[in-house]
Amino acid sequence: MLGQAVIASYMAHLHTETSQRPELAETFAFIDPGSTFNLNGDFEAYIVNRLKEGNPDRLFFLPHNQKAVKSFNSETGRGNRTPPKAKFLSGSPKQPGGHECAYVVMRYMKEIINDTRLTFATKWLPKTRATYNEAQLDEVRIEALKFIQEHI
């Protein structure tokens, strides 16, 4: 099993990738799961402030907190508008063996970022038994390892 540090490192890798691609620079944003771990009562305020940074229509990779999203809408004058699109994709990729959860999450983030037409929601919306194969998971394992090695 992998800890949140590996997922956070991979998110940093994806952030680097999106920052180097001008067409994606304002499309995605990342919130380090480690930065929200001990916030307790301040968690909502932290998420609201983070959502206020930059383009409010970006796709955020963050722990889901619907109350924080509602507070963000209220504080930015979007209170009566539809909240940012949040979809629960019941057909999202499954773990092939029961111990690859972190790798599946990392691969899914990579797929979302590389989906230039943002069709991932349509692809994964229907309930399915689809999984990533070992080669697809190995790809993110290697990318994460290389990124971590570069920063040690």
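Analyst: Helix α4 is largely enclosed by the rest of the structure, because 11 of its 14 residues are buried. The model is predicted. The buried set runs as follows: Ala-102, Tyr-103, Val-104, Met-106, Arg-107, Tyr-108, Met-109, Lys-110, Glu-111, Ile-112 and Ile-113. Note that Arg-107, Lys-110 and Glu-111 are on that list. The cut-off behind the word "buried" is a relative accessible area under 20%. Across the protein, buried residues make up 36% of the 152 residues.

Next, the geometry of the helix. α4 covers residues 101-114. At 1.5 Å a residue, its 14 residues should span 20 Å, and the C-alpha atoms at its ends are 20 Å apart, so expectation and model agree. An α-helix has 3.6 residues a turn, so residues three or four places apart point the same way.

Now the helix partner. Helix α1, residues 4-19, packs with α4 at an angle of about 10 degrees. The two axes are 10 Å apart. Angles under 35 degrees count as roughly parallel, which means that α1 is roughly parallel to α4. The crossing of α1 and α4 is right-handed.

Arg-107 lies over the face of Tyr-132, at 5.7 Å from the ring centre. The cut-off for such a contact includes a distance within 6 Å of the ring centre.

The C-alpha atoms of Asp-138 and Arg-107 are 9.4 Å apart in space, while the two residues are 31 apart in sequence. Asp-138 belongs to helix α6, residues 134-150. Asp-138 is partly exposed, at a relative accessible area of 32%.

Pro-93 is found between α3 (66-75) and α4. Its relative accessibility is 10%, so Pro-93 counts as buried. Pro-93 and Val-105 are separated by 12 residues in sequence and by 8.6 Å in space, C-alpha to C-alpha.

Ala-130 sits in the loop between α5 (120-124) and α6. Ala-130 is partly exposed, with a relative accessible area of 26%. Ala-130 and Ser-92 are 38 residues apart in sequence, yet their C-alpha atoms are 7.7 Å apart.

Finally, the wider setting. The protein has 6 helices and 2 strands. Along the sequence they follow the pattern α-β-α-β-α-α-α-α. A search of the whole structure finds 2 aromatic pairs. In one of them, the rings of Phe-30 and Phe-61 have centres 5.1 Å apart and planes at 10 degrees, so the pair is stacked. Phe-30 lies in strand β1 (residues 28-30) and Phe-61 in strand β2 (residues 59-61), so the pair ties together parts that are 31 residues apart in sequence. Phe-30 and Phe-61 are both buried. With Phe-28, they form one aromatic cluster.

Conventions: Residues are numbered from 1 along each chain as its sequence is written. This is a predicted model: local features need pLDDT of at least 70, side-chain atom pairs count only at pLDDT 80 or more; totals for chains, interfaces and linings use all residues. Side-chain values use heavy atoms; hydrogens and water are left out. Rings of Phe, Tyr and Trp (its six-membered ring) pair if their centres lie within 6.5 Å; planes under 30 degrees apart count as stacked, over 60 as edge-to-face and the rest as tilted. Helices (H or I, at least four residues) and strands (E, at least two) are DSSP runs, numbered from the N terminus. Buried means under 20% relative accessible area, exposed over 50%, partly exposed in between (1.4 Å probe, protein chains only). A charge sits over a ring if NZ of Lys or CZ of Arg is within 6 Å of the ring centre and within 35 degrees of the ring normal. The expected span of a helix is 1.5 Å times one less than its number of residues. Axes are lines fitted to C-alpha atoms, for helices over the stretch in contact, and angles run from 0 to 180 degrees between N-to-C directions. Angles under 35 degrees count as roughly parallel, over 145 as roughly antiparallel, 65 to 115 as roughly perpendicular and the rest as oblique. A crossing is left-handed if the near helix is turned anticlockwise from the far one by less than a right angle, and right-handed if clockwise.
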